[in-house]
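Here is a short briefing on one protein. Keep the sequence and the structure open while reading.

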Amino acid sequence: RLLTMRQSFVANVSHELRTPLTSIKGYAETLADGALDDRTAATRFIGIISTNADRLNQLLDDLLDLSRLESEQFRIEQRECDLRRLIDSSMATVRAPAERKGVALKFSMEDEHSVLCDAALMENALTNLLDNAVKYTPEGGRVEVGLRLEEERAWIDISDTGIGIPAADLDRIFERFYRVDKGRSRAMGGTGLGLAIVRHVVEAHGEQVLVQSEVGRGTTFGVSFTRI
């Protein structure tokens, strides 16, 4: 089973790398064959090359993050963290793309709440979830971050009014390279590794990540934190 998983992983990585590389090579050859003389076309082709290079960089960054999280030497450093600061920092990363797309970001927390976590890792996980929420929410929609408190845990719920996830796919969305809609995900710059990273980060903390979704109405991801 492990051998099959490794072979599948290598095949998926190869495919994900080949797609942008093929595009970069093709447009570079077109430019070399004379398209450089057409300034309008050249500008467009260079933009496509740059976009695919960014996609390669993001894929490599995600692969390195996942490799580190799955390493036997990986250890998290949990400390007292301010939950509001953690969320504010995560939301700051996606605020610009949300504004460009016309997606409203909503979050309010009246009181301060301290939790136990590795702040950098949990911020990465929350940012991945927020980034997905913005990507898959149509223009004019909204992404809301809510707080639910239990006696020992705090839950951060990230809800969107996006396209939703079919029930048949919910059990597999945290798998590496699993995509509900491959064409749409690649067009939006997704690497297929974001939710796998989220799962590894959350489980390394001994916490939970849950998902509820309805096609055409939106999705909610919930992440638990241990309260202090």
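This is a predicted model: local features need pLDDT of at least 70, side-chain atom pairs count only at pLDDT 80 or more; totals for chains, interfaces and linings use all residues.

**Helix α6**
- Helix α6 covers residues 194-204.
- It is mostly covered, with 8 of its 11 residues buried.
- Those buried residues are Gly 194, Leu 195, Ala 196, Ile 197, Val 198, His 200, Val 201 and Val 202.
- Gly 206 follows α6 and has a positive phi, near 75°.

**Ala 28 in helix α1**
- Ala 28 sits in helix α1, which runs over residues 2-32.
- Ala 28 counts as partly exposed because its relative accessible area is 35%, between the cut-offs of 20% and 50%.
- Ala 28 and Arg 68 are 40 residues apart along the chain, and 34 Å separates their C-alpha atoms.

**Overall fold**
- The protein contains 6 helices and 7 strands.
- Read from the N terminus, the order of elements is α-α-β-α-β-β-α-β-β-α-α-β-β.
- The C-alpha trace spans about 65 × 45 × 35 Å along its principal axes.
- Of the contacts with a separation of 6 or more, 72% are between residues 24 or more positions apart.

**Burial, surface and charge**
- The protein has 228 residues, and 39% of them are buried.

Notes. Residues are numbered from 1 along each chain as its sequence is written. Side-chain values use heavy atoms; hydrogens and water are left out. Buried means under 20% relative accessible area, exposed over 50%, partly exposed in between (1.4 Å probe, protein chains only). Helices (H or I, at least four residues) and strands (E, at least two) are DSSP runs, numbered from the N terminus. Contact means heavy atoms within 4.5 Å.
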